[in-house]
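Take a moment to look over the model before reading on. The paragraphs below walk through it piece by piece.

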Amino acid sequence: MSFSKDTKISILLSTVHAERVGDSYAMRGAVLYALNRMSGGGDTLSGALPQNQIGSKVVGEGDVVTGAEPPKDDEKKQPGVTERTAGYSETKESDGTEEVVLWVPNREPYSVKVGNVDCDVYLYDENGKLNLNGVNSDNREVFVTFLGKKGIDVLDADTIVDSMLDWVDPDDLTHINGAEDKYYESLPEPYKTKDASFSSIEELMLVRDVTPEIFESIRDEITVYGDNQIAINVNFTSKEIISSIPGLSDGIADDLISYIGESGPIKEVDDLRDLFWSLGIIGDSFEKIRPYLTVDQSSFVTIRAIATSSNQRTNNQGSSNDYGYRIIAGKRDVGFEIVAVFPE
Ligand SMILES: [Ca+2]
């Protein structure tokens, strides 16, 4: 075989490919390691592993994963930072013989090294997202406003939300801008409305006017797991979601998110009363907003790992947002179990 310029390119490409594959396995390992740490270690991991989806490598403590660290404290030891991590970022429990520090959802990533790849692992509560099965006729404006903030035309947003209601409700009566069987059966590839709850967020792409581009722009902020209501965990949410709640402006959402960043998670919804008061939301106004807010975590957590140390980072074509490996884990009697994997 002659060593031409093309061969070099081919070798370079295969190196990049190998790094990408290596990162991919490292990120999978990091996610499974996190699942183990959330479950308190021990035998729960092997029981929770769908081998066919994850590959054959089972990651355990002391195996290929080394150097697990608590969340980074890169805020230079400001007063309040310690308090924020204490009692929230890590929960100490005793299993009788040794103390196991459980990993719990946290605004800061955990760090873990898998093989020679450093990974950041984010644990995110699903109650911080908008639950597709929580949308109803009374709170539909929240989702319409949210879609608007994502750059979706208001009429399209209205059509999408009405069609979501039709998709889920058991009847065949079309909402003003919605769609039932008659609409979907007229498509080149006809199908019927589900008339039942969303089973996955991807199912949203079957709903009238939801394009892959629209889905891509909102997929990290929607869920079908957790509590089937629009009650957002303020400690794990985005500016776009918070400011979609009637009565909460972009400015207030910014102030709330900075407050949590500086002072730590909100412990009681009532604690928001004073904060919002200082921002001009007084008396009855707070009572109207309150049902949309919670500090309760759901039983579902997104575990997302992103490789941070590999050379591939500099070669990465896509945005870091697209880069990573995620699973959704649901709490069970013993530990957590994988309920969804992205990419599969
Ligand atoms: Ca229906």
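Between which two helices does the loop that holds Asp 195 lie? Asp 195 sits in the loop between helix H7 (181-184) and helix H8 (212-218). Helices here are DSSP runs of H or I with at least four residues, strands are runs of E with at least two, and both are numbered from the N terminus. Residues are numbered from 1 along each chain as its sequence is written. The model is predicted, so local features need pLDDT of at least 70, side-chain atom pairs count only at pLDDT 80 or more, and totals for chains, interfaces and linings use all residues.

Start with the backbone of that loop. Most residues other than glycine have a negative phi. Asp 195 has a positive one, near 55°. Asp 209 lies in the loop between H7 and H8 too. Its phi is also positive, about 70°, although Asp 209 is not a glycine.

Now step back to the whole protein. It has 13 helices and twelve strands. Of its 344 residues, 34% are buried. Contacts link residues whose C-beta atoms, placed from the backbone, lie within 7 Å. Among contacts between residues at least 6 apart in sequence, 67% join residues at least 24 apart.

Helix H5 (residues 140-149) comes next. Its buried residues include Val 142, Phe 143, Val 144 and Leu 147. What covers them? The cover includes strand S6 (130-131), helix H6 (154-168) and helix H9 (239-242). After H5 comes Gly 151, with a positive phi near 90°.

How do H5 and H6 pack? Their axes are 9 Å apart and meet at an angle of about 140°. That makes H5 oblique to H6. Axes are lines fitted to C-alpha atoms, for helices over the stretch in contact, and angles run from 0 to 180 degrees between N-to-C directions. Angles under 35 degrees count as roughly parallel, over 145 as roughly antiparallel, 65 to 115 as roughly perpendicular and the rest as oblique. On the H5 side, residues in the contact include Phe 143, Val 144 and Leu 147; on the H6 side, they include Ala 157, Ile 160 and Val 161.

Helix H9 also holds Lys 239. Lys 239 counts as partly exposed, because it has 14 C-beta neighbours inside 10 Å. Leaving out residues up to four places away in sequence, Lys 239 touches Asp 250, Ala 253, Asp 254 and Ile 257. Its C-alpha atom is 9.2 Å from that of Ile 252, 13 residues apart along the chain.

Finish with the strands. Two strands pair if DSSP finds at least two bridges between them. Strand S10 (residues 300-307) and strand S11 (residues 325-331) pair antiparallel over six bridges. There, Arg 304 has Arg 326 in S11 as its bridge partner. S11 also runs antiparallel to strand S12 (residues 336-342), again joined by six bridges. Gly 330 stands opposite Glu 337 in S12. S11 and S12 form a hairpin, with four residues between them. In its turn, Gly 335 has a positive phi of about 70°.

Key. Buried ≥ 20, exposed ≤ 12 C-beta atoms within 10 Å, placed from the backbone. Contact = placed C-beta atoms within 7 Å.
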